Amino acid sequence: MLRIRKLSASIDGKPILRGIDLDVRAGEVHAIMGPNGSGKSTFAQVLAGRDIYKVVADEVTFNGRDLLQMAPEIRAREGIFLAFQYPIEIPGVSNLYFLRAAVNAVRSHRGLPELDAVDFMSYAREQAKALGIDDAMLKRSLNEGFSGGEKKRNEIFQMTLLEPRLAILDESDSGLDIDALKIVADGINAMRSPERAIIVVTHYQRLLNYVVPDYVHVLAGGRIVRSGGKELAMELEEKGYGWLEHERSECKPDRAQPSKNEAVTS
Amino acid sequence: MSKDLKTMDVLTREYPYGFVTEIEEDSVPAGLSEGIIRTISTKKNEPEWMLDWRLRAYRQWLTMKEPTWANVHYPQIDYQAIRYYSAPKGRGEGAKSLAEVDPELLRTYEKLGIPLQERELLAGVAVDAVFDSVSVATTFREKLEQLGIYFCSFSEAVQRYPDLVQKYLGSVVPYSDNFFATLNSAVFSDGSFVYVPKGVRCPLELSTYFRINARETGQFERTLIIADQGSYVSYLEGCTAPMRDRNQLHAAVVELVALDDAEIRYATVQNWYPGDKEGRGGIYNFVTKRGKCQGVNSKISWTQVETGSAITWKYPGCILMGDNSTGAFYSVAVTNNYQQADTGTKMIHIGRNTKSTIVSKGISAGHGQNSYRGMVKVLKSAENARNYSQCDSLLIGDKCGAHTFPYLEVKNSTARVEHEASISKIGDDQIFYCQQRGLSAEDAVSTIINGFCKQVLKELPMEFAVEARKLLGVSLEGSVG
């Protein structure tokens, strides 16, 4: 589904990702772990098409198509969903209204009829219940005045409604108490299916107790320094990221090579 | 930045109403003199008192100076180069019925999306169509007359309801009020007149659609709305003009009078030609609008969506005379390219327990300059007066400007006056967030602007909210939830 070769990204000339290789197939759950500043969030944002980064890669394809050539909204409509680490507030725009616009943008891209207000309302209510989102929260302005936990739950709620093919969850667990964490984890687990891939970006192993990944990758200094199964997360939890520090120093930070498949968006 | 460009697209669509109607016009020569005023008055077959009033205004105007305090800049206007009267031929006194209206005019309004055939009209809206200097058609009059509601052109009201006109004309905006209002008092040609009798709730939205067509002509309409005791009326006003490379002057006056327990809601969607991208042409919209809450418990609200005009200069206000009376002002003003707006309101608290609310949303893009200027005045007599003002500005790009000039004058210590102001930009992160959910950048900007204006748009009657949202380049919000 997602194939990445030598993906590098920089901002204002400062390299952040330094040649990432990754393959994600349908049905898989991948966890990307790593210390602060390792490039986890940048990786998530680059896949979603944030244009503040200069991106260079040999290959980034999504279902065989060149992802880097797609505008962010096309990536979204093609089925890439990013749950933001810091969801953005849009005053005056109701959560429900925004979601319907989003769902209909995706539906019409997929050749499905748009949902009218009434149909959407009942569909949304049903999904909202499981995530502990009440009507009042649906009608409030998007993320405005939401608590940290509400924002995170709202991201999961959006993911549920948008039914992505590839969901990227950027620290969806940060700042959550244990009850909220369970709700979020249940929401993610409910999304697992043979047709869908999920990339969980997280700092802590905690979430992975609930959302058990098929693969774990450790990102450090802008590259994947170790990949393994779910036991790798346990090992990390035990030994800390310092354990991998020596491996990081072993691979010398080489400059990102300009490649022929260059996509620059600014 | 590509994002700025995308953002601009939303706000710089072609002006769709810029066409000219080819029609023979009966007009007076350019220039202003007592003779011209007498000619206008004669053409309208006016009674002596009306002519006298005009002439008094004219003499007063000769002694006045054009105001310069507003934060707008434009070359000196040559008042002798303007034509003060222009009417489609043979329509000096207005058509008696729609069947008499020139088909070319009907087609014009149809093109503007305002069909005047009653069966095609939006259900629940009665329209008075003003073309250049005269009213060409008023719909649903008979239905309204059965309820005792008078809804007709101002010229006709002078003939048919002289007592009401004489009693209330100038009672809110006296002919000596200000330079532009005084000019209007001298030369006003037509406009709408509404009287709602005691205890009647007007079942239709009343509306006037103003259209400037003729070249080098000013439009000076005058509207007077009287809501008698316990009555209610909602009134809408829309405006467009052809694209021309010379500026045209529009100096209107609107007076509202609400008696005991009466309520008037007045909404404007102003879309005069704003000029081209370099700032050539466009309408100078110098308008005086004021409402008087004369009776106890009366209510007046002004809602405006100002997207057009090269320059907008208007301060729809409320004089809160009656005890417990309420005034409100909800405004969205958009300035793009080289548009300038200096707009706001005046709330004058005189009666006890009077309340006013001001919500102003300014959006500036391109080289647009947007000023909010608002006065809240609480007189000594206004025991327990309350005011809440909120002024928010949204900037798009880095060449535009937003300014806020609040004036507070409080002479009663029991008054409570609150003022809040904010200024923000559309964030790249907001646009990206919307895009990540599948919205195009244009839709993202529309959505954000729509959200910004929500408090004001929800005050508009449904029929107009649709037009206003389209104008702001946004899809309909609020149909859900």
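Student: Against which elements do the buried residues of helix 7 of chain A pack?

Tutor: This is a predicted model, in which local features need pLDDT of at least 70, side-chain atom pairs count only at pLDDT 80 or more, and totals for chains, interfaces and linings use all residues. Residues are numbered from 1 along each chain as its sequence is written, and chains are lettered from A and ligands numbered from 1 in the order in which they are written. Helices (H or I, at least four residues) and strands (E, at least two) are DSSP runs, numbered from the N terminus, and contact requires C-beta atoms, placed from the backbone, to lie within 7 Å. The packing partners of the buried residues of helix 7 are helix 6 (148-162), strand 10 (166-170) and strand 11 (197-202) of chain A.

Student: Which residues of helix 7 of chain A are buried, and which exposed residues does the face turned away carry?

Tutor: A residue is buried if 20 or more other C-beta atoms lie within 10 Å of its own, exposed if 12 or fewer, and partly exposed in between, with C-beta atoms placed from the backbone. The buried residues are A:Leu181, A:Val184, A:Ala185, A:Gly187 and A:Ile188. Seen down the helix axis, they fall within an arc of 155° (taken from the directions from the axis to the C-beta atoms), so they line one face of helix 7. The face turned away from this buried side carries the exposed residues A:Asp179 and A:Lys182.

Student: Is A:Glu171 buried or exposed?

Tutor: A:Glu171 is found in the loop between strand 10 and helix 7 of chain A, and its phi is near 50°, a positive value in a residue other than glycine. Because 21 other C-beta atoms lie within 10 Å, A:Glu171 is buried.

Student: What is the angle at which helix 3 and helix 8 of chain B pack?

Tutor: Two packed helices are described by the angle between their axes and the distance between the axes. Axes are lines fitted to C-alpha atoms, for helices over the stretch in contact, and angles run from 0 to 180 degrees between N-to-C directions. For helix 3 (residues 48-62) and helix 8 (residues 179-187) of chain B, the axes are 7 Å apart and the angle is about 145°.

Definitions and conventions: Two residues are in contact if their C-beta atoms, placed from the backbone, lie within 7 Å.
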